[in-house]
Structure formats: structure tokens, C-alpha cells
Amino acid sequence: MNTPLNRRQLLRAGLGLGGTLLLASCGLNAQTLTPPDPANTPGAAPLQGLAVGMPAIAGTATWQAQAAKEAVTVLATRPTRIIVHHTDSANTTDLSQARAFALARDIQQWHFANGWIDSGQQFTISRGGYVLEGRHRSLEAAQSGTLHVRGAQCEGFNDVSVGIENEGQYMSSAPPGAQYSALVGLCAWLCQQYGIPATELYGHRDFVNTSCPGDVLYAKLPQLRRDVAARLGVTVRVWPTTRSGMTGERVKTAQYLLRARGQTPGADGAYGSGTASAVSAFETGVNLTPDGVVGSAVWERLVLTVRRGDAGEAVKAVQSQLNTRGAGLTVDGAFGPGTETAVRNFQSSRSLTADGIVGPNTWLALVT
Ligand SMILES: [Zn+2]
């Protein structure tokens, strides 16, 4: 039975993964990994669309992990998001399975050295595209679709997220194609197993002050969400992740919408602690994990359709956005003919149906 991580351990977990290491090793002892039949996966929560088979994943026994220092904690709750990391280790040109297995063992040793009971992350992907189990029992939990192994990969979010470490350093270069493809496949399978929407894929930096998963890999996350959705056979709107420390018109839109939804942040375009608290309160009210971050799931619930005759904070958001495109409207919250004309013009410029009604697709275009 394992003791919950104390605060210091959590801090170290958050910081450690942010910039340290992880390696994935998939290949020593090279057993051929045969994906199980998804139809035999109990508790799976297919989102609809296409059934995604389990990718080949080297379990801890395969890469010869050491035993965990304590029994890992298995929660009977599903994670609600996937968090992408980079190991911040060298961009090796060794793409072999042996390298991947060695990486997995190295990471476990690094994390033992941190005082952790086992590898912090649930899964690892090598630059060669090998996928490995990280913390013990993570694979078994994901196969169940209902259980989650508490990791040590993102402070404050270890009970609600699955962490994937990608071998390499992606501040200025992109992951190799094989690695990215493996990431798409693993995310799609995890989303299917746990019922996580394809949009709910985040970078470590979305929740913790870290550069992880690197500027380049982080910038690929919107594409990753689209690619995962395509693998699942679903269509999603991918909204821009908006969070603490950001400033500008998009933040102001979120604030106006929060006000329209009964929260009371100032509409100043600066995403500070008050806005984060308002977001968390809103998330709690709509049964989302209260993380204080406006990701796609939050945007989808925040926006409300407005049209001529409507009034209020959401209309102010529209007017203020249109003014950044030169509309010259008075931001009075009254949706009159001038606002309607500006909306139609904007919709035409974005190849949207020019109906003058601000629905989800127009909102998405306004904030993107
Ligand atoms: Zn990280």
C-alpha cells in the first residue's frame, strides 16, 4: 500500500519531469508484443467512431524494470486528460529497441534517485517510436479502462492525468516521425480506453511552471489533438488552450464569457489568479476537473450562442473581438444591427455561413 506523495514529493515530481529525463526503451529481450484484442478489454469506453487497437507496449517485465519501492497506488477513477512531456535528454540517433529499454531502466533509476517509488510517468515513447510502460501496473490499468495508477509526473494532477514521456529535447527541434506516430497511436488508445476526449491532451507547461514538453512539441499539440480525433474517427473543435499568465483579447473573451456564466472575474485581458479561480469554479459547476485552464472542453461549455436582440457580457465579448478586426463598435453588450453586420462580415471573411449568429464555430474563429 502506498503512502500518498507528500507535498515535497509532489513538487519534485512536477519539477523533475519538467526538465529531466525519461527514456523509453522497447526492446531488449525483444519479445514480440502482441496487441490484445480490444474486444476483450473490459470497461473500455469507446467514443464511437473507429475502434483503436492497443499499440505494442513493452511492459515493465519486458524491459526488466526493478520492483517498485512500494506498491503503486491504483485509483478506481478514470483520468480526465493526458499530459505530454519530453525527457529533456539528448536527441539520440539510436532508434533501437535496446536503446528504448535502456532508457526505461535509466528513467526508473533517476526517479528512484528522486526518492520516488517508481518511474513517475505511466508511459514512455522512445525516439525510435517504441512505447513502454513506465510506472508498474499502468498498462493493466489502461487496459481495464476504469483504473488509474497514480503517477508522479505533474504536480497537483497526478490523480487525474496520464503522463507520457517522449524521449528527447524539443525546444528547437521536432520529434522524429516514428515517435510522433507512436504518440498519436498511444493517445488515441488511451482516449478510447478512458473516455478522454481527443481535445484533452495537454503539455506539462499548461499546469506547472516548466518548459516541458519543449516549444516545438508544445506547438504540435493542436495537431496532435486533430490527429488523435482522426484516429478515433471523431470530429472535434480544437480550441486554443488559454491559461494563467496569458494576456490579450482571447483572455478577455474568456473573462466576458465567465461573467456571462455567473462568475465575476474582471474583463481586463490579464489571466491572473482571479480568472483561474473563476475558471475552476465554472469547471466544478459543469462537472469538469477544476484545473483553472480554459481548454477545449471548457470553451465548449463557456460559449453561448448570441444574435441580434441579445444583450450582456457575451455580446460584449463579440463586440470587443470584432473591434480588434476594425469593426469600431461600442462595447455596450447590446446586439444591434451594427454588431450583426460586423458579425456577417467577419463570418464571410472566414468562409463561415454569414447568418449573423454567433454560434460555436464563429466563436472558435473569433478566438483563434
Ligand atoms: Zn514534463
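Why does Q64 count as partly exposed?

Modeller: This is a predicted model, in which local features need pLDDT of at least 70 and side-chain atom pairs count only at pLDDT 80 or more, while totals for chains, interfaces and linings use all residues. Residues are numbered from 1 along each chain as its sequence is written, and side-chain values use heavy atoms, with hydrogens and water left out.

Q64 counts as partly exposed because its relative accessibility is 45%, the class lying between buried (under 20% relative accessible area) and exposed (over 50%), with a 1.4 Å probe and protein chains only. Q64 sits in the loop that runs between β1 (57-58) and β2 (74-75), where strands are DSSP runs of E with at least two residues and helices are runs of H or I with at least four, numbered from the N terminus. The phi of Q64 is near 60 degrees, a positive value in a residue other than glycine. Most residues other than glycine have a negative phi, and most peptide bonds are trans. N287 also has a positive phi, of about 65 degrees, although it is not a glycine; N287 belongs to the loop between α8 (273-285) and α9 (296-302), and it is exposed because its relative accessible area is 73%.

A backbone feature of another kind is found at C212 and P213, which are joined by a cis peptide bond with omega of about 10 degrees. P213 lies in the loop between β8 (201-203) and α5 (215-219), while C212 is also a zinc ligand: the ion is coordinated by H85 (ND1), H204 (ND1) and C212 (SG), at 2.0 to 2.2 Å. Donors here are N, O and S atoms within 2.8 Å of the metal (3.2 Å for Na, K and Ca), and since water is not among the atoms, sites may look incomplete. Along the sequence, the donor residues follow the spacing H-x118-H-x7-C. Because H85 lies in strand β3 (residues 81-86) and C212 in the loop between β8 and α5, this pair ties together parts that are 127 residues apart in sequence. H85 counts as buried, since its relative accessibility is 0%, and C212 likewise counts as buried, at 0% relative accessibility.
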